[in-house]
Amino acid sequence: MHHNGTAAAVARIIRERFADDSPESLTRVFEALKSLNGHKLTKRHHAALIAAAGEPLTFGAGLTRTGYAIETVRAFNGVGGWRLRLSWDDGCPIVDTDAIWRDNPAVFIGAADRNAIRSGYLAEPSRIQAIADAVDAYRAAAAALETVLDYPMPDRYEIRRTLAECHPTEFAATVAAAQSETLTA
C-alpha cells in the first residue's frame, strides 16, 4: 500500500521534531551563558538572556523548587518549550556551562541522540514508506472498525478502548483472559 501523501507527512513530522528537540532559543541562551561562565548570574543578566532567546523566559527555582533554572513560558505546556537547570541550589548560581551541559542530559545529549535517530530514518526512504504503509493500514482498519461498531452498538466505545486503542501488552492480556474464560466455561 503506497500512499505518497502519508510518506511525505511522516517525513515532515520527523523533520519538524528536529527543531522541537533543539530549539534555536535554547541554543542562543546557552551561547549567551558561555560568555558568563564563571560569573554569578544575577537579575542584571536577565534582559540579555531574554534578548538572546527572543521569547519570554522565567528565572529562579519556580514551582518545582529543584534548583535554579531558566525556562520558557511554555516549558511545561507547549511544543518547543524548554527548561534548563543551572544549579541544584535555589539561589543565583555561578554559571558553569560544563555542569549545565552535564546536568541537563535530556536537553542536550538526549536531543542529539534523538536527532541522530531521526536522521537515520530520513536517510532511508524505505523506512519512511514502511511507517506510512502501517499508518495507512491502521487508518483503514480503524475506519472498518468504526463501520461495524456504528450506532446502535452500545459497547462500541468500550470495545474500541479495550481492544483497538490499548497497548499491545494490554491487548494480549485481555485476549488471553477471554480465551481462558472460554476454555473454563
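I began with burial and noted that Phe30 and Phe108 are both buried, where buried means under 20% relative accessible area, exposed over 50%, and partly exposed in between, with a 1.4 Å probe and protein chains only. I wrote beside this that the model is predicted, that local features need pLDDT of at least 70 and side-chain atom pairs count only at pLDDT 80 or more, while totals for chains, interfaces and linings use all residues. I also noted that residues are numbered from 1 along each chain as its sequence is written, and that side-chain values use heavy atoms, with hydrogens and water left out.

Next I looked up Trp101 and Phe108, which form a stacked aromatic pair, 4.4 Å centre to centre with 15° between the planes. For the terms I wrote down that rings of Phe, Tyr and Trp (its six-membered ring) pair if their centres lie within 6.5 Å, and that planes under 30 degrees apart count as stacked, over 60 as edge-to-face and the rest as tilted.

Which of the two is buried and which partly exposed? Phe108 counts as buried because its relative accessibility is 10%, whereas Trp101, with a relative accessible area of 39%, is partly exposed.

I then found that Phe30, Trp101 and Phe108 form one aromatic cluster.

Last, I turned to charges over rings, which require NZ of Lys or CZ of Arg within 6 Å of the ring centre and within 35 degrees of the ring normal. The charged end of Arg85 sits over the ring of Trp88, 3.7 Å from its centre, and the charged end of Arg127 sits over the ring of Tyr121, 3.7 Å from its centre.
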